Amino acid sequence: MAAGPLGAFWNRWYERFTRFHLRLAAACFLAGAVFVIAVSQHSGSSSSQTACPGRPDDLVIGTGAEIGAGGVRHDVIKAWNDEQRKLKKKPLKATLVEISESSDEQRSELAAAAQSKRCAYDVLLLDVAYITEFARNHYLETFELDPKKLGGTPERYFLQKSLGTGQVDGERFAVPFAADAPLLYRRTDTPAPPPQDTKKFLELAKEHGYAAQLDDYEGGTVNLLEAIFSAQDKETPHDPVVFDDKGNVVLDEGDNGKKVMDALGAWREALFTDKDDNRTLRDESVLREESSLQAFRTGRVGYMRNWPFAFNRLAADPLMRDDDGSLRFQVLSFPGTGVLGGVDLAIAKDSPHKEEARDLIYYLVSQDVQERLFACAGYPPVVAALYERYARSGTARTCEDLAPDPADGAARPAERDTEITGEQLARFAGEVHQAVDHARPRPMSAYYATFSQVFRSCLLPVATTTSGVAPDFRYFSDALRDALNGRLRSDDPCHPPTQAEPKSDIKG
């Protein structure tokens, strides 16, 4: 600036001008910030897209593949969308995103989506084995059930075993959607008779053939647990062999290791046959879920252990019916102790549509929807009153009975779905109810998937090959305890390292 009185004047004027504009700029910045926060809070309702830019403005449901052939779940979601359009001016459209038939792959995708916080899903259909993991990792919103929306208390409305699967550390994170427990399927067009108990079944299975699911996936873990649970003494059915009543691993206590080897050996014999003086697997296809169904369907085996979904698949198959429409197979209680399965509904923690998600979940567990999913697609209901209805003579409704009126623009059910009679559905419902009531849960752990991987890696070879070596049960048990606490050993979890090989570190 210029020197002298005039220069001093301009210097003072410039400083005042600068301070004024700095204060003005600061005030504008603060006002803008307040405005942005207010807008964000206002738009942070259940329909907000602010936190999830780029995602479609739909109510997105992440789920496994449809188990039925008729696409009934899509019909149910379409009915929800139609109802919402009648009630609201700008309703959200519910959309099913089918991930995979494998529960392992479903878990991986849903967990990855939650970890990345990309708001991919609003409602999750989760295998009950993974509820604890998702809840403790803060992937799920809590869900307090409203008796008014259920028409009664949750304890009276739902099956007790299924209701318990959504509770973690004293809080509810998930709502039962479909029950599940193993059943035994027996072909009635072969000489394979109904077994009276586990021991008799294993004898019959050697003669008539048996299909299970003993592949390297979660189904393999479940089948191994069932083989072990089923071998326990009837007088002490809950004598701890794998877990105690608190979920602690006890395989290395007493003679539990021997009990496990004896149990798996007995079930392995049911899968093998003598051929050319060698014990060989009767048919490798009997170890996988889909191909085990095919082995039973084509008559290569007389018995099959499978989940309830198989009933509709078989009943809708012309090969599984006689000319008079009667079924060529029978559904029986599993000849042993089954493992509790099922699928629950939960709300993703980062969902921008939590209120709409709650409304959708209440709709999906309503009696009408549950009955339609059962009669038309074989999803075992979680609503206790439906089992009571099917148990009463003459009150079982079929898929055709429940079909929406074509005058409303709804599609009629496929002809194969309408062939299942009320009597057949009633018998099926009774077996499912009994199976769920007597099933045992898997351990509740945020790291159950890691436990499952280690458990089957050491025991599947024992159950499915003649060369499988027994694990070192002390070392194996320690590896399982580590797995339940989220630590996966980088070396062989079945046997300790030799002295020449130092023990591997444990990955956190």
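Reader: How many bridges join β3 to strand β13, and do they run parallel or antiparallel?
Author: Five bridges join β3 to β13 (residues 341-347), and the two run antiparallel; Leu125, for instance, has Leu345 as its bridge partner in β13. Strands are DSSP runs of E of at least two residues and helices are runs of H or I of at least four, numbered from the N terminus, and two strands pair if DSSP finds at least two bridges between them.
Reader: What should I know about the source?
Author: This is a predicted model, in which local features need pLDDT of at least 70 and side-chain atom pairs count only at pLDDT 80 or more, while totals for chains, interfaces and linings use all residues. Residues are numbered from 1 along each chain as its sequence is written, and side-chain values use heavy atoms, with hydrogens and water left out.
Reader: Is β3 mostly covered or open?
Author: Strand β3 (residues 123-127) is mostly covered, with five of its five residues buried, where buried means under 20% relative accessible area with a 1.4 Å probe, protein chains only. Val123, Leu125 and Asp127 point one way, and Leu124 and Leu126 the other.
Reader: Switching to α20, what span should it have?
Author: At 1.5 Å a residue, the 12 residues of α20 (residues 473-484) should span 16 Å, and the end C-alpha atoms are 16 Å apart, which agrees; the expected span is 1.5 Å times one less than the number of residues.
Reader: How many of its residues are buried?
Author: Nine of the 12 residues of α20 are buried, including Phe473, Tyr475 and Phe476.

Conventions:
Buried means under 20% relative accessible area, exposed over 50%, partly exposed in between (1.4 Å probe, protein chains only).
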